Amino acid sequence: MGTLANESFNIELQQLDAANDTARKQRTQWLLTSPNPPSFCHELINTVKKIVLPHGKTKKQSRNGAFFSFLKGLFPILSWGRNYKGTKFKYDIMAGLTLASLCIPQSIGYANLAKLDPQYGLYTSAVPPLIYAVMGSSREIAIGPVAVVSLLLSAMVPKIVDPAVDHIAYRNLVFTVTFFTGAFQAVFGLFRLGFLVDFLSHAAIVGFMGGAAIIIGLQQLKGLLGITHFTTKTDVVSVLEAVYKSLHNEPWFPLNFVLGCSFLIFILITRFIGKRNKKMFWLPAIAPLLSVVLSTLIVYLTKADQHGVKIVKHFKGGINPSSLHQLQFNSPHIGELAKIGLICAIVALTEAIAVGRSFASIKGYHLDGNKEMVAMGCMNLVGSLTSCYTATGSFSRTAVNFSAGCETVVSNIVMAITVLISLELLTKLLYYTPLAILASIILSALPGLIDISEACHIWKVDKTDFIICIAAFFGVLFGSVEIGLLIAVGISFGKIVLGTIRPSVELQGRLPGTDTFCDITQFPVATETPGILIIRVNNASLCFANANFIRGRILSTVTNGSEEHTKEKIRVLVLDMSNVMSVDTSGIVALEELHRELVSRGIQLAIANLRWKVINKLKAAKFLDKLGKGWIFLTVGDAVDACLNTKMTDLSTINC
């Protein structure tokens, strides 16, 4: 009876093995007979269609419907504007007026930082917000000039034309740079090139912003101390040297410093009160405007300008004049201007999209980065034609806009209209505004740019990212804005390239009681299968840059694996390609060389988890025929089971 039972059990076991073998071969056939992936031309055509018609087009849609859908995608105001109600306008007008009270003095200060006349800062706070309100998709972002972009312009454009020598030529070059900035931003959005902004990593932005904040603060010493002659360089050594020489070689009027520091303390106190009491959000918002009004009255009543206090003096009012004829497309420095425009475009987009997405996540909606790029590009293109310089989203003003309870971008429209009214009616009143107050307003906005806690967090999480952060910081601080950016981007690229050309390979084992295979270094409990070595390639691409390196690492692992990890000779190497998304001809040649080397050592190569494009190229290169289709498997588990079923006696008998 026992013999019959054992024979019956063996027959059932053989039937089960046969069924498993049939199922395994069927799964491999699914992999081998998968359809070819789309051709390069087909993918290119689909990409163009998505660019031209991002929402697609159905048969039911008429031409007018498709055109209107395109317009709604380009001008989001057509979608939400139809449902706009008076209850929302009540909050938007309050937020817009609060925003204007902060925007007006800040814009004058940032224009001064950009080495432009004060009215250009107000121009930049009037036209671009109106364009963005029609085309932008963020409800909270506040548009206008910002400190970092102003610093970029004042650091790079003077290398072409010194504003102290030819202020008109300098202004015209700034308008031209703004045009290029808008053009690049619009192109990025239209062709869905938003990934270009990501070349400035988070760590690089933190370091760059911190260094830029310190440089901006040092630049304000000119207004805070009432210095007449100042350096055009931005590095900390040159700025401090210029301050030292000016204080020793020129008469110094302490009233500028006293006036500026007094109102700086006042602004910081109001900000502290606003943070402690959320209902007092309006106090820090109006503090800069209140500082301008009070300081202007003090200077006017006490005749302080006659005692050394530097004032704004002439302030041209009126609506934005056209600047179309001032664009310098025939300039011999057109290439340099385009380069500056590209840098400004990336930095401005990075700041704006980061700000917009931060507040969008709080409100629970998604912000389309490509639409934002198109909106930013169009507003800067129009701005360059209407006497504006580069505008973007401001974090400080957006925070005020959000705290003031804005519902839509109508708050930007209210702010822009208020600025335009101020340009028409109030500019003459700002004649006696002290430059020290403008410096103090800019200084009060800088602490938000220096994020020490985030730098510490980066150090704890990723030391390489911290090196990028510090390199950007010191590059800006002791070199220049361009050097800081180039160092940060260069190290970031180096990190990516190093990870690509020197990827890791990991030895895998099976977790007990499961069909899961994982890294035996991470999971020491995982066990290897005697006679079978499983290696996974940890890189998305097997290409010319890393193919020989990966082949060498695999052969080295085979040698070490046979000595350290297995008690018997390795008969099969299972190569897990689950992470490899693409392969080129160099990668295929490396696989062929690996196969020949393994055969010379008496080891059979098996490949599992081949991705769609990879297996298509291996079939086209006839590599699967050289390897044998019986050694291609859908999963690592299938490969191991197939090898075990052969009992390692005759590996050449496995066929699909």
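1. A word on the model: it is predicted, with local features needing pLDDT of at least 70 and side-chain atom pairs counted only at pLDDT 80 or more, while totals for chains, interfaces and linings use all residues. Residues are numbered from 1 along each chain as its sequence is written, and side-chain values use heavy atoms, leaving out hydrogens and water.

2. Contacts (heavy atoms within 4.5 Å) come from Thr-464, Asp-465, Ile-468, Ala-471, Ala-472, Gly-475 and Val-476 of α21, and on α22 from residues including Val-481, Ile-483, Gly-484 and Ile-487.

3. Helix α21 spans residues 463–478 and helix α22 residues 481–501; their axes lie 7 Å apart at an angle of about 165 degrees. Helices here are DSSP runs (H or I, at least four residues), numbered from the N terminus. Axes are lines fitted to C-alpha atoms over the stretch in contact, with angles from 0 to 180 degrees between N-to-C directions. The two helices are therefore roughly antiparallel (over 145 degrees; under 35 counts as roughly parallel).

4. Now to α17 (residues 395–403), whose axis comes within 10 Å of that of α15 (residues 334–363), crossing at roughly 20 degrees. α15 and α17 are therefore roughly parallel. Among the residues making this contact are Phe-359 of α15 and Phe-402 of α17.

5. α17 also packs with α5, at an angle of about 165 degrees and with axes 9 Å apart. The crossing of α5 and α17 is right-handed. In α17, Ser-396, Arg-397, Val-400 and Asn-401 meet α5 residues including Leu-99, Leu-102 and Tyr-110. This contact divides into six nonpolar, four polar and one charged.

6. Helix α5 (86–113) is also one of the elements giving two or more residues to the lining of the second largest pocket. Of the 36 lining residues, Asn-112, Lys-115, Lys-222, Thr-228 and Leu-435 lie nearest the pocket's centre. The lining comprises 15 nonpolar, 13 polar and eight charged residues.

Note on methods
Parallel < 35°, antiparallel > 145°, perpendicular 65-115°, else oblique. 1 Å grid on protein atoms, 1.4 Å probe; cavity = no way out; pocket = protein on both sides within 12 Å on 5 of 7 lines; lining within 4 Å. Nonpolar A, V, L, I, M, F, W, Y, C, P; charged D, E, K, R; others polar. Left-handed = near helix turned anticlockwise from the far one by under 90°.
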